[in-house]
Amino acid sequence: MPIKALQIPTTDGLADAFAAFPDHGERHPGVLMYADGFGIRPVLREMARELAGHGYYVLVPNLFYRHGPAPVIDLPEHIGEEARPALMAQVMPLIQAHTAERALSDADAYLRFLTTQPEVDAGPVAVTGYCIGGLLATRTAAAHPGQVAAVAAFHGPVGADGPDALAGITARIHFGHAESDLTPETLDELNRALDAAGVRYTSEIYPGTVHGFTMSDTDAFDPAGLQRHWDRLLPLLDRALAGS
């Protein structure tokens, strides 16, 4: 699966990024993938390549490009619990600086870039994200209802903007929540907001998981949770983007 380094023009400069896509010549449905707060690193490249192997062009931007090219902070090969507090102390200011206004401006640029790549189909696209990337994916889907046909978020704070923020989404949705991230009562509240929005969705807690369960380079990794993520994500994309 080829991986191509890219530069995406935005209103604030150039965002470094990479794309993974099948190596045969035809065009493929586009997927915008938002990384978690630790950003672009080998595990994200592995996940993008895995998704691309199912027939998609997967674009992964550096969310924090305003602070430098990825990796914006130095990361160990494995992010253990002992390293997490110091890393989060570096990551949180980046997340806080990535305001909703910046996120939406970047989303416009990312989708414009994605949909004009010669390897990408002319049809609708999908957006997926992890951790803070899940919230960014949700915001992107709400801001681009005519363009985003599917949105998936995993261990992400998807309800952070309140129920009204979900009302603009027309895409098919899957939210995969870590068991440690929300209570059944909070899940019910979120799902009621999705019901009120009238969207097609699945939103569920993945049993036995903690925040970050999809990321194999962290102590949070749960193999069963990652597999469940693929089992939910791939059919969602197939249904939403079939025929693109």
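The model is predicted: local features need pLDDT of at least 70, side-chain atom pairs count only at pLDDT 80 or more, and totals for chains, interfaces and linings use all residues. Residues are numbered from 1 along each chain as its sequence is written, and side-chain values use heavy atoms, with hydrogens and water left out.

Start with the sheet. Eight strands form an open sheet in the order β1-β2-β4-β3-β5-β6-β7-β8, and the pairing is mixed. Strands here are DSSP runs of E with at least two residues, helices are runs of H or I with at least four, and both are numbered from the N terminus. Two strands pair if DSSP finds at least two bridges between them. The edges belong to β1 (3-10) and β8 (201-206); each has a single partner strand, so one side of each lacks a neighbour in the sheet. On average, neighbouring strands are turned by 20° against each other, direction ignored. Angles run from 0 to 180 degrees between N-to-C directions, and axes are lines fitted to C-alpha atoms, for helices over the stretch in contact.

Now take β3 (residues 30-34). Its partner β4 (residues 57-61) pairs with β3 in the parallel sense over three bridges. In that pairing, valine 31 stands opposite valine 58. Strand β5 (residues 125-130) also pairs with β3 in the parallel sense, over four bridges. Here methionine 33 faces threonine 128.

How many residues of β3 are buried? Five of the five are, so the strand is largely enclosed by the rest of the structure. Buried means under 20% relative accessible area, exposed over 50% and partly exposed in between, with a 1.4 Å probe and protein chains only. Gly30, Leu32 and Tyr34 cover one side; Val31 and Met33 lie on the other.

Helix α6 (residues 223-241) lies across β3, β5, β6 (148-154), β7 and β8, and runs at about 175° to β6. Helix α5 (residues 184-197) touches β7 (172-178) and β8, and its direction makes about 170° with that of β8. Contact means heavy atoms within 4.5 Å.

Another packing joins two helices. Helix α3 (residues 100-115) and helix α4 (residues 132-143) pack at about 70°, with axes 10 Å apart. The contact involves Ala100, Ala103, Leu104, Ala107 and Leu111 of α3, and Leu136, Arg139, Thr140 and Ala143 of α4.
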